Amino acid sequence: MLLRFERIGGLEDLQQAIKNGEEALAATPQGQSNRALMHNNLGSWLSTRFGRIGDLGDLQNAIKHGEKALAATPQDHPDRVAMHSNLGKWLSMRFDRTGDLGNIQKAIKHGELALAATPQDHPVRAVIHDNLGSCLSMRFERIGDLGDIQKAIQHGEKALVATPQDHPERAAMHNSLGCVFFRKFARIGDLGDLQKAIEQHEKAAATTPRDHPHYSSMCSALAALLGSTFPPLQSPLDFNKSLRLYHEAYHCRTSPPRMRIHAARRAAALLYSARKFPESSSILEGAVNLMPSVDLRFLSRDDQQHILSKTFGLASVAASMALQAGIDAYHGLKLLELGRGIIIGFSIDARSEVSDLKTDHPLIFAQFNSLRVEIDSPVDSINYASDETTGQRQTRAISRRYEAVTEMEEILKHIRSLPGYDEFLLPPPQDALMKMAANGPIVVFNSTTYRSDAIIVTTSAITSLELPKLSYDESFSRMTQLASFGGGSPFKRGQDAKRMKDLLLWLWDVAVGPVFDHLEGSGTFTSDGNGESKLKRIWWIGVGQLGMAPFHAAGDHSPGSTRNTFSRAISTYIPTIRALSYARQKRLQLFEECDASFPAGRSGRAGILGERGPRLLLVPMPETPGATELPGVSKEVLHILDSSANSSIETTLMSNPTPAEALERIEDHEIVHFACHGVSCLNPSDSHLVLFNKDGTSASKLTARDISTLVTQNAQIAYLSACSSAKNPSAKLADEVIHLASAFQLAGFSHTFANMWETDDQASSEVARDFYNLLLQDRGNYEDDHQRVSTAFHKAVKKVRDAKPGNPLLWAPFIHTGA
C-alpha cells in the first residue's frame, strides 16, 4: 500500500499503511527486538502524511517514533544508521515548518552520525549524503555560512555518484542538488550556479514519470529557474518552456492540489505578461476550483492557517483576471466567494440551518449532522482507548478525521442528487446573491497588481466598477501606515490623526466616492440627506490588504461636508456574502413595539417577545494585572445598567471574569458586552480579550479560537468594547478574516460591534452609552430590528465624530459587522 501511494499518490493507501503500522506496534511487546523497526516505519509513514496534508501533529509524532526507535536500537546495530538518517530528515522538515534553528542543528548532527557509521560501499550511503546535503543547504539559507553550501554541494554530488542511473531515487537527488545550486546563486549571484541548478532540475524532471505525484514539483522547480534566466538572457525559448512546464505541473492530477495551485498561479502570471488574459483567467479559475481538494477540514486551526497562508491572494488575482478577460462581475464574485474565508466556510457548513433536509430526509440528515459535528470538533477532543499514548490517540484522531471527511464528501454527493437539493451548501446562484442585497447594496473591493475593482451587488444587478486610482502598491503602503497608528506620545498621536485624515480622504477619492457616484447615478441607491433614519444600509467587504480599510469612515468630515460615508449610508462589514447569509439565518427579535392590542400596563418603550426579557451579560475589566487601567470601563458599565434599568432586559454583571466562566455564561445570553483590553496577534486565532485567571490576581486570555468553537442558540448582539477586536495583523491570512469579531459571528451572534485598532477609553465609553440609550429608547420607523440595531450604533459613533471631526482616531475605529 505504501509503495502504491508513493507511485500513485492515493491518500487512502497511506491511511491504511498508518493504521496497519499502529496495530502492529500495539501488538508487539515492549522488549521485542523488532519494535524499534516498527517505530521507525510508523514514523516514516506519518512524516509522509505530513508532507501530503500538512498536519504538524503527524510530524511531531513521527519525530517521537524516530527517537523511540533510536533509543531501542543498540549502538552497534546496522539499523541504527537508517534511524539516525530518518530522524535527521524529519527534524529538518520541522525546521522548515516552524523555523526553529535547533531542529536543523540536530538534523545535521544525526546526518553526520549516520554517515560516519555507514561503509563507503553501502547503498544507503547515497540517501544519507542527499539528506545531509539538504540540511546543510537549509542552514546556509538561514545563516549564510558559505562553508555549509560548499559541503552541501559536495554531499549532493557524492549522492549522485553513488546512485545507479536507473535508480528511482536519482530524480529526487538531482532535484535536491539543483535546489542547493540555486540557493548559492540566490546568495552570490553567479550565473554559473544558476546554469548548474537548471541542468540538475532538467535531469530530475526528465527522469520522473508524468503521472508521478512528485512530477508537479519537479516541473515547477525547473520552470521557476527558467523564469529566473528570462530577464537577463531575454530568451523566448526559456519563457515558452517555463510556461509549458507550469502547465504540465498544473495538469498532473496525481500531484497534491497545493503544488498544482502553485503551478497554475505561476503560469497565469506568465500568460498575463504575454497579454493572454482569457487563458490566464481560465487557469486561475481552475486553481480556485482546486481549493476544496486541499486536505484542510481535518487539520487543526493552526495547520489550516499555515497551508492557506501559502495560497493567499489566489481568489483575489483570479477575480481580477476574470474581469481583465472581460468575464462578467458575477463570475469574479463567485471566485472570491469560493477562494476566501475557507476556515469560516467550514464552520458555517457545520452550523448552517438545514431544517428542510431534517424534515424531508430525517435518516440522511442524521448521518450528515453526525459527520459535520465530528468534523467541526477539535482533533484533540476525540476520545480513544485510555491505554493509548497521546501520540497514538492523536494519530488515530487524524486518521478518523480523514475518514469522516471522505464520508462527508460521499453523503454530500448523495444529498445533491436528491430533488431540490442540487445547490445544498454550495455558493448561491446569481439571483440568490442579488436577493441578499434586499436591505442594501453589498460592495466588494478587490485590488491586485493586475487591476482594482469594486464588485457591487444590488437587487437588480451584479456589476463591476474599475477603480484605476486604487493602486495596489499605494493601498499596501496606506494599510501598512494604518497598522502603525495609535499609542505613543501626544505628539505621535497628533501626527497620526493628521495622517488618518489624509488616508480617509484618499480612500474616498480612489474607492468609496466612485462607488457612491455609481450607485446614485444608476438610481439603485439614494442618500437624500433627510437624516439618519432615512439612510440606507451598505455592506462592505475588503479583500486582502483592504480587509482593514475603514470604508465606513472614508471622506471629508469637515463641518457641513457630505462627501463622506457617514452622510451617505449606515455601514456594516462582513467577511463574505456567505457569512452574511449565515448571520441572517437567525431572526433578530429582541423587541416588539407596543400597540393598542397590548395590555395597558405594558412598557411604552419596548415589549419583549416571549415569556422573559432578553438577557444582557456585562464582562468588565476596569483593572487588569500587568496592563493600564481603563477608567472609562466603570462609567460604561454604569451607563449600560442605567439604560437597561427601565427596560425588560435582565442584566448579569460578572466580577473577576475568567475565560471559562465567560464562555459558559455567553451561551445563556442574547446580548454580551465586553469592556476590557483586546490584543490582536500575528496568529489571528490567538487574538484575545484579556480577563482574569482562576486565582483572580493574574491575567488570562479569552481567544478567538475558543470563542469560535461556541455554538449558541440565543446569541443576538456581541459588543466588544476592546482595542483591535476587529483587526487581523497577518497579511497572508487577510482573506480568512480571523479576529475576535468574526469569532463571535461564527458563535452565532448576528451583530458584532468591535474596533479596528486601538481606541480611546473615554470615546469607547461614550459610544457604548449612546448605543444602548438609542437601542432601548429610539422607536423610529424601522423595517426590522436589524436596522434598528445598526442605526443605533451609527448614530452613537456619529455623535462622537460630530464632537471631534478633526481627530478620526477617536471615532473611526468603531465598526459594526454582521446582518
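Student: What makes the contact between the side chains of Asp193 and Lys184 a salt bridge?

Tutor: The model is a predicted one, and every value here is computed from it. A salt bridge requires a side-chain nitrogen of Lys or Arg within 4 Å of a carboxyl oxygen of Asp or Glu. Between Asp193 and Lys184 the N to O distance is 3.8 Å, so the pair meets that rule. Both residues are buried. By this rule the count comes to 24 salt bridges.

Student: Which parts does the salt bridge between Arg183 and Glu141 tie together, and how do you know that?

Tutor: The side chains of Arg183 and Glu141 meet at 3.3 Å, N to O. Arg183 belongs to helix α9 (residues 170-188) and Glu141 to helix α7 (residues 125-143), so the pair ties together parts 42 residues apart in sequence.

Student: Why is Arg183 called partly exposed, and why is Glu141?

Tutor: Partly exposed covers what lies between the buried limit of 20% and the exposed limit of 50%. The relative accessibility of Arg183 is 23%, so Arg183 counts as partly exposed. Glu141 has a relative accessible area of 47%, and therefore Glu141 is partly exposed too.

Student: What is the span of helix α12 set against?

Tutor: Helix α12 (residues 236-250) has 15 residues, and from its first C-alpha to its last it reaches 21 Å. That is close to the 21 Å expected at 1.5 Å a residue. Among the buried residues of α12 are Phe239, Leu243 and Tyr246.

Student: Where do Glu248 and Arg244 lie, and what is the distance in their salt bridge?

Tutor: Both lie in helix α12, four residues apart, about one turn of the helix. An α-helix has 3.6 residues a turn, so residues three or four places apart point the same way.

Student: Why is Glu248 called buried, and what is Arg244 called?

Tutor: Glu248 has 16% relative accessibility, so Glu248 counts as buried, the limit being under 20%. Arg244, at 39% relative accessibility, counts as partly exposed. Salt bridges that share partners join Arg210, Arg244 and Glu248 into one network.

Student: Which residues form a negative surface patch?

Tutor: Glu661, Glu664, Glu667 and Asp668 form it. A patch residue must have over 30% relative accessible area. Asp668 has 41% relative accessibility and counts as partly exposed. Asp668 is in the loop between α27 (659-666) and β8 (671-675).

Student: How do you know whether Ser475 is buried or exposed?

Tutor: The relative accessible area of Ser475 is 0%, so Ser475 is buried. Ser475 lies in helix α23 (residues 472-483). Its C-alpha atom is separated by 7.4 Å from that of Leu546, 71 residues apart along the chain.

Conventions:
Residues numbered from 1 in each chain as written. Predicted model: local features only at pLDDT ≥ 70, side-chain atom pairs only at ≥ 80, totals over all residues. Heavy atoms only, no water. Patch = residues over 30% accessible without salt bridge, like charges linked within 9 Å, V, L, I, M, F, W, Y side chains within 5 Å. Areas by Shrake-Rupley, 256 points an atom, 1.4 Å probe, with all protein chains shown as cover. Lys, Arg positive; Asp, Glu negative; His and termini not counted. Charge placed at Lys NZ, Arg CZ, Asp CG, Glu CD. Helix = DSSP H or I, 4+ residues; strand = E, 2+ residues; numbered from the N terminus. Buried < 20%, exposed > 50% of the residue type's maximum accessible area, 1.4 Å probe, protein only. Expected span 1.5 Å × (residues − 1).
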